[in-house]
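Student: I would like to learn how to read the features of a model like the one below. Please begin with the terms.

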Amino acid sequence: MGYRLSKIYTRTGDTGETGLADGRRVAKDHPRIEAIGEVDTLNSQLGLLLADLSEERSSCPGLDELIEVLSPCQHRLFDLGGELAMPDYQALQAAEIERLEAAIDRWNEEVGPLTNFILPGGSRLIAQAHLCRSSARTAERRCGQLHAIEPLRSELLAYINRMSDLLFVAARLIATRQGIAEVLWQAAAKG
């Protein structure tokens, strides 16, 4: 594949607008750009989680499966961003949603039922997985806002929703495989 970007700055966005692949110019705070930005943030947070998982894999081999499942998600999130940037482009397939659901079911069975609310923490990896989960929820909200004015494909909306579910269960699985107790929410004492 040839070079995709020959020049990083173009000066075309200096007035607060940016271009979409279909030739439209929109404000940089347009709901479509907001959605693209939040998906990009999630992808960056996921990259950090994957780097941390790779660093810890020698001390906890059970993390390898998380890397195997989550690594393709970075590519699919890039696809999702492409669909948002190019409204007629279709990259995400239903099979990818099914792949996430299979992992969620498998991991959820291992961690067992949730008996209380849990808080992000216990280890850096657990907290980072929760940060990714919350980024996924933000991206989902931005996609939902865009969907309300410019309909999106159901696969795109389902994928971003499953990502947050996957990352929640991933956080719980990391705790299980690291042998770290989840941080349980405690109600405030009544005075």
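Tutor: Buried means under 20% relative accessible area, exposed means over 50%, and partly exposed lies in between, with a 1.4 Å probe and protein chains only. By that scale Arg32, at 3% relative accessibility, is buried. The model is predicted: local features need pLDDT of at least 70, side-chain atom pairs count only at pLDDT 80 or more, and totals for chains, interfaces and linings use all residues. Residues are numbered from 1 along each chain as its sequence is written, and side-chain values use heavy atoms, with hydrogens and water left out.

Student: How many helices and strands does the chain have, and in what order do the elements run?

Tutor: Helices (H or I, at least four residues) and strands (E, at least two) are DSSP runs, numbered from the N terminus. Here the chain has 5 helices and 4 strands, and from the N terminus on their order is β-β-α-α-α-β-α-α-β. The C-alpha atoms fill a box of roughly 50 × 50 × 30 Å along the principal axes.

Student: How is the span of H1 read?

Tutor: The expected span of a helix is 1.5 Å times one less than its number of residues. H1 has 26 residues and reaches 37 Å from its first C-alpha to its last, close to the expected 38 Å. Its buried residues include Arg32, Leu42, Leu46, Leu49 and Leu53. Contact means heavy atoms within 4.5 Å. The buried residues of H1 pack against strand E1 (17–19), strand E2 (25–27), H2, H4 and H5.

Student: Which residues of the largest nonpolar core touch the most other members?

Tutor: In soluble globular proteins, nonpolar side chains tend to be buried together. A nonpolar core is a set of buried Ala, Val, Leu, Ile, Met, Phe, Trp, Tyr and Cys residues joined through side-chain atoms within 4.5 Å. The largest one has 46 residues, and Leu46, Leu49, Leu53, Met163 and Leu166 touch the most other members. H1, H2, helix H3 (94–111), H4 and H5 each supply at least two residues of this core, and H5 gives the most, with 13 residues. Leaving aside neighbours within four places in sequence, Leu53 is in contact with Leu63, Leu66, Ile67, Leu70, Leu125 and Ile174.

Student: How many salt bridges are there?

Tutor: A salt bridge is a side-chain nitrogen of Lys or Arg within 4 Å of a carboxyl oxygen of Asp or Glu. By this rule the count is 15. In one of them, Glu150 and Arg32 have their closest N and O atoms 2.6 Å apart. That pair links distant parts of the chain, 118 residues apart: Glu150 is in the loop between helix H4 (124–149) and helix H5 (154–178), and Arg32 is in helix H1 (residues 31–56). Glu150 is buried too, at 18% relative accessible area.

Student: What separates Arg76 and Asp79?

Tutor: They are about one helical turn apart, because they lie 3 residues apart in helix H2 (residues 64–85). Arg76 is partly exposed at 25%, whereas Asp79 is buried at 16%.

Student: Is Asp64 buried or partly exposed?

Tutor: Asp64 is partly exposed, at 25% relative accessibility. Its salt bridge partner is Arg57, with N and O 2.8 Å apart, and Arg57 is partly exposed at 35%.
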